[in-house]
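Welcome! Take a moment to look over the sequence and the model below, and then we can walk through it together in a few questions and answers.

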Amino acid sequence: MAENLFDFVAQQLEQSSGLDRLASRGTLRLALKNAGLNPSTAKQSQYCVVVERVLPGELDSRGVKEVRAICAALIEQIHNAPADPSGATTDVDGIFDRLAGG
Amino acid sequence: MPGGAWIGQLIAAVVYLIVGLRLAGLASRTRERPERLLSNLFVWSGISYLLYLVPLIVPVESLWTPFNFAGRVAYIPAPIFIALFTREVFRSEARLSAWMIYATSALLVVGVGGSAIVGDFEGFTLGNPLFWLEWTGYTIPFAWAGLEALRQHRKSLRRLRLGLCDRMTCNRFLLWSLFGLVQIALSLVMLEMYADFESNNAFSAFFDGLTGALELLSIALIWLVFFPPRFYQRLISGTGAVDGAAGER
């Protein structure tokens, strides 16, 4: 059982891509970093965008086959994932928007 | 401060109090820590600025030292609150960031308290090592805030490209980082002013004016972060319509 959304997505990626645990976690972490996101605070919708638009490039560069199919399946799994128990409430953008809009 | 600095300080005091009270209202509704911390930062800054201004507005020489000291004491919480805010918002997971808050608090309390014990109530004496503790204590937290916001701005540009952040939010990080950098500039200009005061027993007109200008720039930045006018929102968003402060994420 994955502890949070990052663990869950990394686990699914490991199973579908053939990358080992370390490589799949590192690749996902790098994709999130390139998208300007923090693995522990990114939301499901943000993970979906990263998997759709950033992760394919990272997987391609690691010689993974059928990247599009893997990412499409991953997005489906993220949509169906249980709500993140960690909550992901420390969203910096949200805090600054709230401060300006209050 | 015979020149323009006191005018800038007076406007800054009023604006800081308005922003601080508005954030206090927001904090009472949301019960969230970031707005409570920022509210305290601005309210204490405003109170401190007003205390510093009293001797300049009421020309009674005997008020100079007590009000200056009261202004210094009232300013102690401000850098601590901005350090707490920076930790809360940008570095909540980093253990080292807690030490930044302990260090800031210690530097300020020892700097102000120590200089009072040795009889330097005004805190203008650069030759006093305790002055440097206080100066570091109120400069480093703003530098930290500015750098963290700049780092977040760079990350938000990446999110912006993917449609994960709106332009106003992205711009807010930049403005907040500039606010931090202007505070550092103010701290540096203060050094020159205090050096002048030590040698001439008067503030330099040039640095006095520069301080006033930097205070006004600070206010403009704060205003754009917390009360962005519609024309500015349209300018940054690059659209004719403004959807409000909170963007979809």
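**A first tour of the two chains**

Q: What percentage of the 102 residues in chain A is buried?
A: Let's start with chain A of this predicted model. A residue counts as buried if 20 or more other C-beta atoms lie within 10 Å of its own. Of the 102 residues in chain A, the share that is buried is 36%.

Q: In what order do the elements of chain A run from the N terminus on?
A: Chain A has six helices and zero strands. Read from the N terminus on, its elements therefore give a row of helices, written α-α-α-α-α-α.

Q: Which element of chain A has the highest mean pLDDT?
A: For chain A as a whole, the mean pLDDT is 88, and 89% of the residues reach 70 or more. Among the elements of chain A, helix α6 (residues 92–101) has the lowest mean, 88. The highest mean, 96, belongs to helix α2 (residues 21–34) of chain A.

Q: Which element gives the largest share of the side of chain B that touches chain A?
A: Here 30 residues of chain B are in contact with 20 residues of chain A. Several elements of chain B give two or more residues to this side, among them α1 (5–30), α4 (77–90) and α8 (205–226). By class, the side has 15 nonpolar, eight polar and seven charged residues. Its largest share, five residues, comes from α6(B).

Q: How are α7(B) and α9(B) oriented: roughly parallel or roughly perpendicular?
A: Helix α7 (residues 167–200) and helix α9 (residues 230–237) of chain B pack with their axes 9 Å apart, at an angle of about 105°. Angles of 65 to 115 degrees count as roughly perpendicular. So α7(B) and α9(B) are roughly perpendicular.

Q: Which residues of α9(B) make the contact with α7(B)?
A: By class, this contact has two nonpolar, three polar and one charged residues. On the α7(B) side are Arg167(B), Met168(B) and Asn171(B). On the α9(B) side are Gln233(B), Ile236(B) and Ser237(B).

Note on methods:
Residues numbered from 1 in each chain as written. Chains lettered and ligands numbered in written order. Predicted model: local features only at pLDDT ≥ 70, side-chain atom pairs only at ≥ 80, totals over all residues. Axes fitted to C-alpha atoms, helices over the stretch in contact; angles between N-to-C directions. Helix = DSSP H or I, 4+ residues; strand = E, 2+ residues; numbered from the N terminus. Parallel < 35°, antiparallel > 145°, perpendicular 65-115°, else oblique. Contact = placed C-beta atoms within 7 Å. Nonpolar A, V, L, I, M, F, W, Y, C, P; charged D, E, K, R; others polar. Buried ≥ 20, exposed ≤ 12 C-beta atoms within 10 Å, placed from the backbone. pLDDT = per-residue confidence, 0-100.
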